[in-house]
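Please open the structure in a viewer and keep the selection tool at hand.

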Amino acid sequence: KKPKIGIIGLGVMGQGLALNMADNQVSVTVYNREVRGAEENIARNFADENKELYHFSWFSDLEKFLKYLPRPRNILLMVKAGPAVDSVISELLPYLEKDDLIIDAGNSHYEDTQRRIAELQNKEVLFLGTGVSGGEEGARNGPSIMPGGSKDAYERVAPILESIAARDKTGKACCSYIGPGGSGHFVKMLHNGIEYGEMQLIAEFYHYMRFFLDMPVEEIAAMFAKWNEKLDSYLLEISIDILHRKENDELLLDLILDAAGQKGTGGWSTEAALKYGVALDTITAAVMARNISGDKERRTRAAALFNFKKLDGVLYDGIHEKLFEAFRLVQVVNHSIGFDLLNKASEENNWELDLSEISRIWTNGCIIRSSLMNSLIDSFKDNPKEHLLLNPNFVKLANRSREALLEVGTQAMSYGCPMPVTASAINYFLNFTSSQSSANMIQAQRDYFGAHAYERTDKPRGEFYRTHWKIKN
Ligand code: NDP
């Protein structure tokens, strides 16, 4: 049977997608470069390892692989993001013909995707910058798929991509055309940004409860499990599993070094927030928390110098409920922030992102699936572009939980527990809900030292005024 699609790159994700396609009757051929000699031919090994259940045609010669694919070709790249993608594209170029399609399914930067689309347009080669979420398991059993770029190209491969995607609760594929240009990869980037925020939120609540409220790990796991009956968050679910995992009677978590890195999408979200002038507090705080965690050596020296006395928190009546309410509100604020940047970038680039549809395809297969995500489908359907903290449903929730959030966050820090995402959610929430900000002082300072001029509250917007601050009146 002629292949409908060819996959380049048989790493963790590429292998999962190939098997997933085979399971869904998509005939697929695979290619991986041969860099370590014939002994370790990755494509052949992959076909061999799976030969009992599947028949994969495989290649380690690019030209033969391309000849084997029927025209116009559908080629899915699942290689390391960055220069590797450009290098593979330039190897492909001499063989590509009009209407061949490259689907870049790795975590490429959306601006790289935009550049690649423009470069390939000259050759009339189509391109889909496609976000894929769900990790190894998602790729194998059904990821959430975010394709952006040529709409015609999407329609051509929609049956393939939709057949391998996860299903939402109505049975519809968690795959939908996102928009033109780099929008698919932009949306994937923000998916990961929200993921960074939620991971750190769980991490810091666990840390606070364990080391400052002195709650036993089993109790924390049980409490998270109870919360998750309502929240149904995949990240909380895996964190509960992590809290149960022992190695020789010891909690495995205690043996894992407390130093995390960040190497792409989280930090890129922050860069995009600067570019589009949007506040991205929780996501940025989560990225910075990883950076500081990686600085273990200096943290350890500083800890000895400051000898910060850890205070024991008080487990007062009702604290469990307050912790839950605070956690849930930070989760909402973190999502509000991520979707706000999506909305802004959509407006600036005329992507016409459908936030309700994006929420829908994030309800299954991806890492940030949760009951909150399910509720966002309708929230954005009713108010397509509205900030979540201006949406009546969430205003109600936030009004109910804001005191708990302030209490939990400030208390935790007063005991000496760092709460980067919680604290930044508090500040964002307080800033966002203040009609009078402190920025009049900033504008006055700027005008004082830099002659930047300011707008006045008693004059129309757009009119600028200066004061000669050094001349006393
Ligand atoms: P792996 O490291 O497992 O695989 C990387 C693949 O890229 C290998 O097939 C490798 O080939 C190939 N490759 C690397 N450099 C080159 C090059 N210069 N030329 C040709 N091929 C090259 O990565 P993953 O499968 O985990 O990730 C692939 C992409 O998917 C990345 O962009 C990643 O960010 C993204 N992604 C990953 C997720 C995950 O959970 N792992 C989730 C969602 C997206 P070789 O074996 O020959 O080196």
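Which residue in S7 is the bridge partner of glycine 129? The bridge partner is glycine 148.

Before continuing, note that this is a predicted model, in which local features need pLDDT of at least 70, side-chain atom pairs count only at pLDDT 80 or more, and totals for chains, interfaces and linings use all residues. Residues are numbered from 1 along each chain as its sequence is written. Helices (H or I, at least four residues) and strands (E, at least two) are DSSP runs, numbered from the N terminus.

**First stop: strands S6 and S7**

Select residues 126–133, which form strand S6, together with S7; the two strands run antiparallel and are joined by six bridges. Two strands pair if DSSP finds at least two bridges between them.

A residue is buried if 20 or more other C-beta atoms lie within 10 Å of its own, exposed if 12 or fewer, and partly exposed in between, with C-beta atoms placed from the backbone. Ser144, Met146 and Gly148 point one way from S7, while Ile145, Pro147 and Gly149 point the other way.

**Second stop: the sheet**

Next, display the open sheet of seven strands, whose order is S3-S2-S1-S4-S5-S6-S7 and whose pairing is mixed. Strand S3 (57–59) and S7 stand at the edges with a single partner strand each, so one side of each is left without a neighbour in the sheet.

Within this sheet, select strand S1 (residues 5–8) and strand S4 (residues 74–77), which pair in the parallel sense over three bridges. Isoleucine 7 has leucine 76 in S4 as its bridge partner.

Select helix H8 (residues 183–211) and helix H18 (residues 420–432), whose axes come within 7 Å and cross at roughly 115 degrees. Axes are lines fitted to C-alpha atoms, for helices over the stretch in contact, and angles run from 0 to 180 degrees between N-to-C directions. H8 is therefore roughly perpendicular to H18; angles under 35 degrees count as roughly parallel, over 145 as roughly antiparallel, 65 to 115 as roughly perpendicular and the rest as oblique. To see the contact, select Gly197, Gln200, Leu201 and Glu204 of H8 with Pro420, Val421 and Thr422 of H18. Two residues are in contact if their C-beta atoms, placed from the backbone, lie within 7 Å.
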